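Trainee: I am new to this structure and would like to go through it in questions and answers. Please show it to me before we start.

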Amino acid sequence: MFRLTIILILLSVYTEQASGGSFFLYNQVRHGVLMKVHCKSGDSDRGWHVRKYGGFYGFDFKDHILDKTLYWCNVWSGPNFSRNASFVAYESKLYKHRNNWIRWSIRGDGIYESINGATPWKFKYHWYGTPL
Ligand SMILES: *[C@@H]1O[C@H](CO)[C@@H](O)[C@H](O)[C@H]1NC(C)=O
Ligand SMILES: *[C@@H]1O[C@H](CO)[C@@H](O)[C@H](O)[C@H]1NC(C)=O
């Protein structure tokens with residue numbers, strides 16, 4: 001029985017790690033308006049990506065055991081990508097558990113967040129300069 005418990009604990013630790021954390025940015029600015037994204041962590045650069053209205057960009061990753069996972073992103077939108085915002089997209093130590101699912105809705109009036117499917121979305125960041 002004891003041995004079985006150990007195996008079950010190991011199994012749950014393993015499956016939790018395997019699922020990972022994730023974040024996604026949704027272009028919900030306005031019809032016909034593009035969103036450009038660039039995300040980084042301390043040891044990875046995910047490059048630049050452009051998404052149409054209604055599209056999204058994101059990925060999952062192994063959330064660090066010691067709460068050290070930190071990704072930040074720049075987004076650009078509007079005429080000639082003249083508007084931008086810069087924000088932390090995933091920061092392990094802010095959340096109660098590991099392996100969270102973080103979504104960012106990129107909208108004309110700013111940037112909204114939903115953690116693990118929570119609603120309503122929370123306003124978090126303004127665009128740099130005038131809103132779109
Ligand atoms: C976008 O950039 C182009 C080329 O620099 C310029 O001609 C155009 O006026 C710009 N559009 C806006 C809306 O700023
Ligand atoms: C964001 O926009 C401001 C104002 O146009 C500009 O000064 C700044 O360099 C931009 N930041 C990035 C990361 O593009």
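Trainee: Which residues are around ligand 2?

Mentor: Keep in mind that this is a predicted model. By class, the shell around ligand 2 holds one nonpolar residue, three polar ones and no charged ones. The residues in question are Asn74, Asn84, Tyr128 and Gly129.

Trainee: How many helices and strands does the protein chain have?

Mentor: Read along the sequence, the pattern is α-β-β-β-β-β-β-β-β-β. The secondary structure therefore comes to one helix and nine strands.

Trainee: In what order do the five strands of the open sheet lie?

Mentor: Start from the edges, strand E4 (56-61) and strand E9 (122-125), each of which pairs on one side only. Neighbouring strands of this sheet are turned by 25° against each other on average, direction ignored. The pairing is mixed, and the order is E4-E1-E7-E8-E9.

Trainee: Which residue in E7 is the bridge partner of Phe24?

Mentor: Strand E1 covers residues 21-28 and strand E7 covers residues 101-107. The two run parallel and are joined by seven bridges. In E7, the partner of Phe24 is Arg103.

Trainee: Which residue in the turn of the E5 and E6 hairpin is given with a positive phi of about 80°?

Mentor: E5 pairs with strand E6 (residues 83-91) in the antiparallel sense over eight bridges, and Ser77 stands opposite Arg83 in E6. The hairpin has five residues between its strands. The turn residue with a positive phi of about 80° is Gly78.

Trainee: Is Asn80 buried or exposed?

Mentor: Asn80 is found in the loop between E5 and E6, and its phi is near 55°, a positive value in a residue other than glycine. Because Asn80 has 6 C-beta neighbours inside 10 Å, it counts as exposed.

Trainee: How does Phe81 count, with 13 C-beta neighbours inside 10 Å?

Mentor: Phe81 lies in the loop between E5 and E6, and has a positive phi of about 55° although it is not a glycine. A residue is buried at 20 or more neighbours and exposed at 12 or fewer. Because Phe81 has 13, it counts as partly exposed.

Trainee: What distance separates the C-alpha atoms of Asn99 and Asp60?

Mentor: Asn99 is found in the loop between E6 and E7, and counts as partly exposed because it has 19 C-beta neighbours inside 10 Å. Asn99 and Asp60 are 39 residues apart along the chain. Their C-alpha atoms are separated by 9.1 Å.

Trainee: What is the omega of the peptide bond from Thr119 to Pro120?

Mentor: Pro120 is found in the loop between strand E8 (110-115) and E9. The peptide bond from Thr119 to Pro120 is cis, with omega near -5°.

Technical notes. Residues numbered from 1 in each chain as written. Chains lettered and ligands numbered in written order. Predicted model: local features only at pLDDT ≥ 70, side-chain atom pairs only at ≥ 80, totals over all residues. Pairing = 2+ DSSP bridges. Helix = DSSP H or I, 4+ residues; strand = E, 2+ residues; numbered from the N terminus. Axes fitted to C-alpha atoms, helices over the stretch in contact; angles between N-to-C directions. Near = placed C-beta within 6 Å. Nonpolar A, V, L, I, M, F, W, Y, C, P; charged D, E, K, R; others polar.
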